[in-house]
Amino acid sequence: MELDRLDRDIIGALVEDARATYADIGHRIGLSASAVKRRVDRLRETGAITGFSARISPQALGWTTEAYVELFCQGKTSPSAIGIAVAQHPEVVSACTITGEADALLHIRATDVRHVERVIERIAAEPFVVRTKSSIVLSRLVDDAQRIGAARRQDATDPRQHAIPAAWPA
């Protein structure tokens, strides 16, 4: 789907505050509330917007420790087999295949280091896992939601920049 500047501005506004009213968004970008609603409906129908959700502080739920774990798998383990296996662990909040030596990278959230250790032990017991390499997060330096908002604000002052990061398709 081709996104124009108004679509990108609407998406940027929703990323910053998914609870913003159509009128608020319209006021910010120069459209009527009904025009914003029509565009949001179209963006949802085409799959550009896949849903709305609340961002919850993991610390509020007791998940105060996070780690990134590289998985090294045997043979030609398929990405879908890795995905199915790691999705069984609720502590795995994201997983992706990657370039380099490892086959996959997992992002784990847990209550403490011992909990992380138990999760890694369970994942390492999967028949296709040869070894793991983990890193515990000490402090979070950049947050995606903040970056998208910053990119959108930068766009307001620099017309050469896009409201959505360049990594997102135009």
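Before you click on anything: two strands count as paired if DSSP finds at least two bridges between them. Strands (E, at least two residues) and helices (H or I, at least four) are DSSP runs, numbered from the N terminus. You're looking at a predicted model, where local features need pLDDT of at least 70, side-chain atom pairs count only at pLDDT 80 or more, and totals for chains, interfaces and linings use all residues. Residues are numbered from 1 along each chain as its sequence is written, and side-chain values use heavy atoms, with hydrogens and water left out.

Stop 1: Select residues 92-97, strand β2, and residues 104-110, strand β3: they pair in the antiparallel sense over five bridges. Strands of a sheet pair through backbone hydrogen bonds, either parallel or antiparallel. Now pick S94; its bridge partner in β3 is H107. Six residues lie between the two strands of this hairpin, and G100 takes a positive phi near 100°.

**Stop 2: the rest of the sheet.** Which residue of β3 does Y68 stand opposite? That's H107. Now show the whole open sheet: four strands in the order β2-β3-β1-β4, with antiparallel pairing. β2 and β4 (129-136) are at the edges with a single partner strand each, so one side of each has no neighbour in the sheet.

**Stop 3: a loop residue.** Click on L138, in the loop between β4 and α6 (144-157). Is L138 buried or exposed? It's exposed, with a relative accessible area of 84% (buried means under 20%, exposed over 50%, partly exposed in between, using a 1.4 Å probe and protein chains only). Show E66 as well: L138 and E66 are 72 residues apart in sequence, yet 8.3 Å apart in space, C-alpha to C-alpha.

**Stop 4: two helices.** Finish with α1 (residues 5-16) and α3 (residues 33-45), which pack at an angle of about 85° with their axes 11 Å apart. They are therefore roughly perpendicular to each other (65 to 115 degrees; under 35 is roughly parallel, over 145 roughly antiparallel, and the rest oblique). Show the side chains: L6, D7, I10, I11 and L14 in α1 meet V36, R39, V40, R42 and L43 in α3, where contact means heavy atoms within 4.5 Å.

Methods:
Axes are lines fitted to C-alpha atoms, for helices over the stretch in contact, and angles run from 0 to 180 degrees between N-to-C directions.
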